[in-house]
Amino acid sequence: MPIGPQPPGRRGTVGEPYSALNLRLVLAAFGFVVCTILAIVLWRQGWTVPGWLLAAWALVAVVDMVVVQLRRRARRREDGGRRHSLFE
């Protein structure tokens, strides 16, 4: 599965992206931190099932961060190394 700056078949272009990759990366990192901390707190309180659910969400956030970072690298290669703001 090739990972480019935009998902295949989407309407976005390099000039007008389909999603704000930098913002998505920040939000995924925030979700990872919050889910991990809450999972640890819940495990310590003896609530194992909700702890495992939050741990699974933290894992999903890590996968999302990896995919977004790969798309950001592909976009940077296409743009010739140009940096983007948080909302691009």
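# Two helices, question by question

Biologist: Let's start with Val34: which helix is it in?
Modeller: Keep in mind as we go that this is a predicted model. The protein has 2 helices and 0 strands, and the place of Val34 is in helix H1.

Biologist: And how far is Val34 from Ala58, C-alpha to C-alpha?
Modeller: Along the chain, 24 residues separate Val34 and Ala58. In space, their C-alpha to C-alpha distance comes out at 8.2 Å.

Biologist: Is Val34 buried, partly exposed or exposed?
Modeller: The relative accessible area of Val34 is 31%. Buried needs under 20% and exposed needs over 50%, so Val34 falls in between and is partly exposed.

Biologist: Which residues form the nonpolar patch on the surface?
Modeller: Val34 belongs to this patch, and the accessible area of the members together is about 270 Å². One of the other members sits in helix H1 too, and at 56% relative accessibility that residue, Phe30, counts as exposed.

Biologist: Let's go inside, then. Which residues make up the largest nonpolar core?
Modeller: In soluble globular proteins, nonpolar side chains tend to be buried together. The largest nonpolar core here has 5 residues in all. They are Leu21, Leu25, Ala28, Met65 and Val68.

Biologist: Which element gives the most to this core?
Modeller: Two elements each give two or more residues: helix H1, running 21–44, and helix H2, running 48–79. With 3 residues, the top contributor is H1.

Biologist: Now for charges. How far apart are the closest N and O atoms in the salt bridge that Arg24 forms?
Modeller: A search of the whole structure finds 1 salt bridge, and Arg24 makes it with Asp64. Arg24 lies in helix H1 and Asp64 in helix H2, so the pair ties together parts that are 40 residues apart in sequence. The closest N and O atoms are separated by 2.7 Å.

Biologist: Is Asp64 buried, partly exposed or exposed?
Modeller: Its salt-bridge partner, Arg24, is partly exposed at 29%. Asp64 has a relative accessible area of 23%, and buried would take under 20%. That makes Asp64 partly exposed.

Biologist: How far are the C-alpha atoms of Leu27 and Asp64 separated?
Modeller: Leu27 is found in helix H1 and counts as exposed at 51% relative accessibility. Leu27 and Asp64 are 37 residues apart along the chain. Between their C-alpha atoms the separation is 9.9 Å.

Biologist: What about the rings of Trp43 and Trp52: is the pair stacked or edge-to-face?
Modeller: There is 1 aromatic pair to look at. The ring centres of Trp43 and Trp52 are 5.1 Å apart and the planes meet at 70°. Planes over 60 degrees apart fall in the edge-to-face class, so this pair is edge-to-face.

Biologist: Is Arg75 buried or exposed?
Modeller: Arg75 lies in helix H2, and its C-alpha is 9.6 Å from that of Leu21, 54 residues away along the chain. Its relative accessible area is 5%. Since buried means under 20%, Arg75 is buried.

Biologist: Last one: of the 88 residues of the protein, what percentage count as buried?
Modeller: The protein exposes about 6300 Å², with carbon and sulfur atoms supplying 67% of it. The share of its residues that count as buried is 24%.

Technical notes. Residues are numbered from 1 along each chain as its sequence is written. This is a predicted model: local features need pLDDT of at least 70, side-chain atom pairs count only at pLDDT 80 or more; totals for chains, interfaces and linings use all residues. Side-chain values use heavy atoms; hydrogens and water are left out. A nonpolar core is a set of buried Ala, Val, Leu, Ile, Met, Phe, Trp, Tyr and Cys residues joined through side-chain atoms within 4.5 Å. Buried means under 20% relative accessible area, exposed over 50%, partly exposed in between (1.4 Å probe, protein chains only). Helices (H or I, at least four residues) and strands (E, at least two) are DSSP runs, numbered from the N terminus. Patches are made of residues with over 30% relative accessible area and no salt bridge: like charges are joined within 9 Å, nonpolar side chains (Val, Leu, Ile, Met, Phe, Trp, Tyr) within 5 Å. Accessible areas come from the Shrake-Rupley method with a 1.4 Å probe; for residues, only the protein chains shown count as cover. A salt bridge is a side-chain nitrogen of Lys or Arg within 4 Å of a carboxyl oxygen of Asp or Glu. Rings of Phe, Tyr and Trp (its six-membered ring) pair if their centres lie within 6.5 Å; planes under 30 degrees apart count as stacked, over 60 as edge-to-face and the rest as tilted.
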